[in-house]
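Please keep the sequence and the structure in view while reading.

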Amino acid sequence: MRRPLIIGNWKMNTNISDAVVLATVIRDGVEDISNVEIVICPPAIWLTEVSEIIHKNIGHLGLGAQNIHYLTDGSYTGEVSATMVRDVAKYVIIGHSERRNSFAETNGIVARKVAAALDAGLVPIVCVGEKKKSEKSAVEIVKQLKESLVGINKNELEQIVVAYEPVWAVGADEPATPEYSAQIINQLRAIVSPQTPIIYGGDVSSGNIYSFMQRPEIDGVLVGRESLNGQNFIKLCRIVAEYKKII
Ligand code: PEP
């Protein structure tokens, strides 16, 4: 059975004291939630500090980076490699739409990063999604995922997480419907392993997460804004746990 997952992407938010407080609140608030894997992804600069707070990925609360370079080391000012991240974190978000759009990350670059993450023993959370909703969306997203996974073998596909995030829903006030998301996810499922968790992201909140979690195709959620409020994030984790236990 695939594990239910909830991932919080803090993006370029928090200062050091916010990060410490938020990580502590989340650690304490999810202590008793056992059947869900919870991942928080702070800015790279706070990873070490947060890893101390959440006891270095022990148990069901894990830590993720938001990005890596695809090379291990060298003259790449400002970059962080997978081999650096693996000392403190277990996961890494790769190919988020904000990186694809603002930093010109192509599917080819994403595929190299996925390979680097797997080589380093990290779990890549590979993000895909269409910019605009159209009749061709499914075809576009399937192509995007295939190209983002070039060179990844069958066994490795079991080690990844896929996040379906329609770009028009990320950071917006309009989530995709669970039915539409499930339809897209069904098509992505054919590309990966039956073991690969596929999650949804885009304007998830406590008001709509129930409907996503009722769909067996959707293994969890990737949350942006709501992950910056400790109590809201804990509430979402509880809902994922509650719904995925009974389905
Ligand atoms: C995201 O950043 O991936 C995201 C889904 O953001 P939000 O939940 O704020 O829409």
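Helix H8 contains Gln 183; helices here are DSSP runs of H or I with at least four residues, numbered from the N terminus. The model is predicted, so local features need pLDDT of at least 70 and side-chain atom pairs count only at pLDDT 80 or more, while totals for chains, interfaces and linings use all residues. Residues are numbered from 1 along each chain as its sequence is written, and side-chain values use heavy atoms, leaving out hydrogens and water.

Gln 183 is exposed, at a relative accessible area of 53% (exposed means over 50%, buried under 20%, partly exposed in between, with a 1.4 Å probe and protein chains only). Between the C-alpha atoms of Gln 183 and Ala 138 the distance is 8.5 Å, although 45 residues separate them in sequence.

Helix H6 (residues 137–148) and helix H8 (residues 178–189) have axes that come within 10 Å and cross at roughly 45°. The two helices are therefore oblique to each other, a class that holds the angles left over when under 35 degrees is roughly parallel, over 145 roughly antiparallel and 65 to 115 roughly perpendicular.

Helix H1 spans residues 16–29. Its 14 residues should span 20 Å at 1.5 Å a residue, which agrees with the 20 Å between its end C-alpha atoms; the expected span is 1.5 Å times one less than the number of residues. Ala 19, Leu 22, Ala 23, Ile 26 and Gly 29 of H1 are buried. These residues lie on the same side of H1, because they cover an arc of only 140° around the axis.

How values were computed:
Arc of directions from axis to C-beta. Axes fitted to C-alpha atoms, helices over the stretch in contact; angles between N-to-C directions.
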